[in-house]
Every structure is written in C-alpha cells, then in structure tokens.
Amino acid sequence: MTAHLMFQPDQARQLQTCIHCGLCLPSCPTYMVTGREADSPRGRLVLMNSIDRHEWSDRSGHFVHIDRCLGCLACETACPSGVPYGSLLEQVRSFQRREVTPLKLGSRTILRWTTAPVLRRRLTRLLAWLQKLRLDRLAVRLRLLPRPLRMQLAGLPKLPAKSFTAAAEQRFEPRHPEGIHRETVALFAGCVMDSWFANVHAATVRVMQWNGYTVIVPAGQHCCGALHAHAGIDTATGAKGERVGDMSAFSQTGAAALIVNSAGCGAHLKHAAADGLPQVVDAVEWLVDNGLLPPVHKLPEKVTYDAPCHLFHAQKIVQQPEALLRAACENLIPLPESEVCCGSAGLYSLTEPDLSRQILGRKLAMLEKVDAEIVATANPGCQMQIQGGLKLDGQRRQVRHTLEILDAAYSLDETYRRVFAE
Ligand code: SF4
Ligand code: SF4
C-alpha cells in the first residue's frame, strides 16, 4: 500500500470519488481561458493524486496548475460525484506552503498590511491621503504602477475617516415605526470590510434595525483568517501574534446569529466555526429567510447581480440575493455567467495577474452587454476587482453591495430617512 504524502486516508478516499467524467470542465474559469486539462478541476485532481502518491519529479512544476486555481468551487457545484474539491485544495495548499514553495514575500506583505490592525490602519491612512490629493487617480491615469496595483487602486471605495468598530461594544436597537421587534444578532466586522467598507456595515445595521433586529457590534474583533486559509497559511503560525481567526469577541454575546456581509468571510466562518459561537449566517440569507420587509419604493436604475463564488458555490446562497434585489429594484437584469468567478479570489489578481485579467475580461464583456448602471455583489474582493476593471475599461458603472442597494431603496421612503436622520 502506498503511503500518503499529503492526505489523511479519508481525504485520499474522497479524491478517488472523481470518476473523470469531465462535467466540471465547462464551469471552470481557468479551463475556459487556457483550455488545458492541467488547468481544469479534473486535471488538478490527477495532479493532487500524483503528488500524494509520491509520483512527482518536478517539485514546483506540479504546483503551477494548483497555483492557477481560483478556489472558486464552481467545480464542486457541477460535480455529480460530490468530490469535495475545496477541502482537498486547502490541504494541498497548506502542504505546498510547508514543504515546497512558501508564500512569496509580496503576498505575505499584502496579507499582513490588510489584516493586521495596526498595519491596516497605517495603510488606510496612506491610501486615504492619496485619495484626498487625487494622487490615486493620477497614478492610474499615468500608468505609474503595474496594472494589478492600478486596478486595486481604481477599485478602492472612497475610504471612510474611521473604521466601523469602536473601542467599546456598540448596540443598535430596532427602529421600525410600527415597533417590530425580533431577535438580537451580532455583526462580524472583519478586517478590510471594517476599515474600507464601513459604509456597507452602516447600511447593514440600518436595514437590520428597520427589519426589527437589535444589532450588537462587539469590540475586540479580529480578521477571520479566510485570506490566510485561501493562501495555504496556518493562521496560528503565520499571523505572528495578531490573533487572526480569534472569534472570542462573539462567545458571550448571546446573539441568535453571527451576521456576516462578506461572502469570503462567511464561507470561511461557516466552515471553521468554533464551539460557543452563534450560528454564522450571511446577512442577505438571514433577512430573506426570516421574512424581509419589502421597501415601499423600488430603485429605478438598471441593476444586475454578479454572484460571489463564496456565496453561490461555497455557501449555496443562490435565491436570496435575487429575491432581495427583486424587492428593491424596478429593473433587475440577469447577468449571463453571473456565477462564474471575476478573477479576484483573495490575492489571485496579484499572484496570477495575466489569468486574472483574462477571467475579468470575460466578466466585463458580459457587463457591457447587459449595460446595467449598477452591479450588485456581496464581497469586498469582487467589488474592488470589478469596479477597478470597469474603470480601467472605461465603463461608467457603479459596483455596490446588495445591502447598500436595499438601504438605498428603503431611503426612497421619507419615514426611513427621518428615522435614521434622528
Ligand atoms: S476551484 Fe474554480 S478554478 Fe479551481 S478547479 Fe474548481 S472551478 Fe476551476
Ligand atoms: S471532479 Fe466531479 S465532475 Fe469533475 S471529473 Fe471528477 S467526478 Fe467528474
């Protein structure tokens, strides 16, 4: 019997459930672009098997095709045999980082500067200063930086003056004028979402309050570690005491649910949720499944929805975002290939810039065809990737979080505006 190099026996058995039917190939974004078997899910599973059975001579060559995988999990959705591709990929990436190729310095630096609180605050201040002096626009227009960095700069939202979480726990009471009162929920603020997308958190809290929920935002929150897990980094050893993955802020809240509004964080937390945590639920999933109060007026703009992979494929949240957007928008237009990855995938747009650009190009072409004014999505990485791509492509469309769109629709009603102006 061959000893396994990477997988536990049950994982090795799961790998063997692939019957090589190829039904996953047409849904794989990297296979769509390169047309190469090695860049398909089936090809990558064969490579994983060969590495696991010590049948590999080219140590880094085998990993080129693993590195090109977005981890989008479209193959899991397509697979009739139920091959758990995502957990196998995570195991392979963690083996790769330990034994073959450590994460490159540039990627490690970006991870630390976006997820470690002190460094992220410094980076945010620098970026906000660049935005204030409009130097970000200049750098993009004059092409002063490599394209992947220009795209990130162009895709950045207008940075808020301060992050959403405060030094002490915040509590927001229900604010529906008819006195609707439902459960208490806790909001997961995250890292990048907390510093760069505070407006999305503010919109999330308002729509929750309007729907009758009490929202608590505990102090002392930390990055969930989704980006680290995606890159194959062990958060305990890789985070250098920065408490990545520490969810203890939520253990005593007594909340009915831990509400997450970032698809990547939600998928990771559902997968890795620790004992004592409230049930992890995506914000849109929670609102729709528990009976969303429909807005009185609908937004008139043409809106389309791009499904984040970690919502659609990883969490299987398919119907709820569209149900919410149908309630909030007069003109909701279906986006062809909405469930196909935009090429963001954590650090992918920086580590695999050419493939990421080609994958994004397909998305931008679909958006141009549909010609919506607003693109709805629900993940910070997707929002920045698509917004940056649109700007560099000269398309004047706004990318907005689904909950910002709901908040904007509620705001068309005078009572909502008055309640939250008080
Ligand atoms: S996770 Fe996405 S990119 Fe990777 S093999 Fe599956 S479909 Fe292809
Ligand atoms: S992963 Fe699933 S869909 Fe893809 S070839 Fe294997 S069995 Fe078929």
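Helix α15 (residues 263-272) lies across β4 and β5. Its direction runs at about 155 degrees to β5. Axes are lines fitted to C-alpha atoms, for helices over the stretch in contact, and angles run from 0 to 180 degrees between N-to-C directions. Contact means C-beta atoms, placed from the backbone, within 7 Å. Helices (H or I, at least four residues) and strands (E, at least two) are DSSP runs, numbered from the N terminus.

This is a predicted model: local features need pLDDT of at least 70, side-chain atom pairs count only at pLDDT 80 or more, and totals for chains, interfaces and linings use all residues. Residues are numbered from 1 along each chain as its sequence is written, while chains are lettered from A and ligands numbered from 1 in written order.

## The sheet

Five strands form an open sheet in the order β1-β3-β2-β4-β5, with mixed pairing. Two strands pair if DSSP finds at least two bridges between them.

Strands β2 (residues 184-187) and β4 (residues 257-260) run parallel, joined by three bridges. Val 185 has Ala 257 of β4 as its bridge partner. Helix α12 (residues 198-210) packs on the sheet and touches β1, β2 and β3 (214-217).

## Around the ligands

Ligand 2 is surrounded by 15 residues (C-beta atom, placed from the backbone, within 6 Å). The closest are Cys 18, Cys 21, Cys 24, Arg 42 and Cys 79. Helix α3 gives the most to this shell, with three residues.

Ligand 1 has 13 residues around it. Cys 28, Pro 41, Cys 69, Cys 72 and Cys 75 are the closest.

Definitions and conventions
Contact = placed C-beta atoms within 7 Å.
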